[in-house]
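User: I'd like a close look at one part of this model. Could you walk me through it once it's up on the screen?

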Amino acid sequence: MLKDITIGRYYQTNSILHRLDPRTKLFGTVLFLITVFISDTLPGFVLATVFLLSMMIASGVPMMCYIKGIKGILPLMLITMTFTLLFTGGDLVFNVWIIKISKEGISQSVIVFIRFLYLITGSSILTLTTKTNDLTDGLERAFAPLNKIKVPVHDIAMMMGIAMRFIPILTEEADKIMKAQMARGADFNEGGLVKKAKGLIPLIVPLIVSAINRALELATAMETRCYRGGEGRTKMKPLKYSGRDYAAYSICLVYILVSVTIKLAYVL
């Protein structure tokens, strides 16, 4: 299941989304996530669904990759949905002992599930279609104006890029450790919740040790190459907008305008 996590992974193909500037994809992803969180009506979610499916098709990434990514995070989604269902007050439709389910709880749990689903899928589209180095460069260029107020944009972008690069590495490492522990007789699915949590200790401890060792090795490698931050550094491949990027910006702006219009129509 750990291998199913798609955030931080890159899928190599030559789709229209892969050829877009990383700043364009960052802008589009942020706009999409904003509209997902402001939408709470059926037309708003229908619009977001159409936009999301269009981007998934345009990405050229097999649909199974997105399904696996959702599968990897599904337990957390279900837990969040369950808590929302049980602890949201309103008109009760089911009341047995301490279990109280209201109409508002049902609607809110569905909305939370959809938002969580779209959040994961939208983020996966960004990482599956953008190399980590390109994404880091895009973040640095997009937030470059903050350098004027002494914000270390290059360092922040570098840290985010390294963190995203470590996600697939650590998930693969965790999967190897889990298989090694299972070969020695460990059972991660045995017993109740407390016992399962204790059973994860043989997995978590070596994983943390491995992550620390990798971080130290990376720091040593960067120091050996005389890395001193972003000041005075140039790019081997400077980012440049093309016609398709401006077209993508136009589509994103039209999408958010329609989404905001739908929201205002229901509010007013």
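Where does Asp-21 lie? And what can you tell me about its surroundings and about helix H2?

Analyst: Keep in mind that this is a predicted model. Asp-21 sits in the segment before helix H1, which covers 22–38. The residue is buried, with a relative accessible area of 4%, and the cut-off for buried is under 20%. Its side chain reaches the backbone nitrogen of Arg-23 at 2.8 Å. Leaving aside residues up to four places away in sequence, Asp-21 touches Leu-239, Lys-240, Tyr-241 and Asp-245.

Helix H2 runs over residues 42–59, 18 residues in total, and spans 26 Å from its first C-alpha to its last, close to the 26 Å expected at 1.5 Å a residue. Its buried residues are Gly-44, Phe-45, Ala-48, Phe-51, Leu-52, Met-56 and Ser-59. Looking down the axis of H2, you'd find these buried residues within an arc of 140°, so they line one face of the helix. What do they pack against? Finally, just after H2, Gly-60 takes a positive phi of about 75°.

Technical notes:
Residues numbered from 1 in each chain as written. Predicted model: local features only at pLDDT ≥ 70, side-chain atom pairs only at ≥ 80, totals over all residues. Heavy atoms only, no water. Helix = DSSP H or I, 4+ residues; strand = E, 2+ residues; numbered from the N terminus. Buried < 20%, exposed > 50% of the residue type's maximum accessible area, 1.4 Å probe, protein only. Polar contact = N/O pair within 3.5 Å; in protein donor to acceptor, adjacent residues only side chain to side chain. Contact = heavy atoms within 4.5 Å. Expected span 1.5 Å × (residues − 1). Arc of directions from axis to C-beta.
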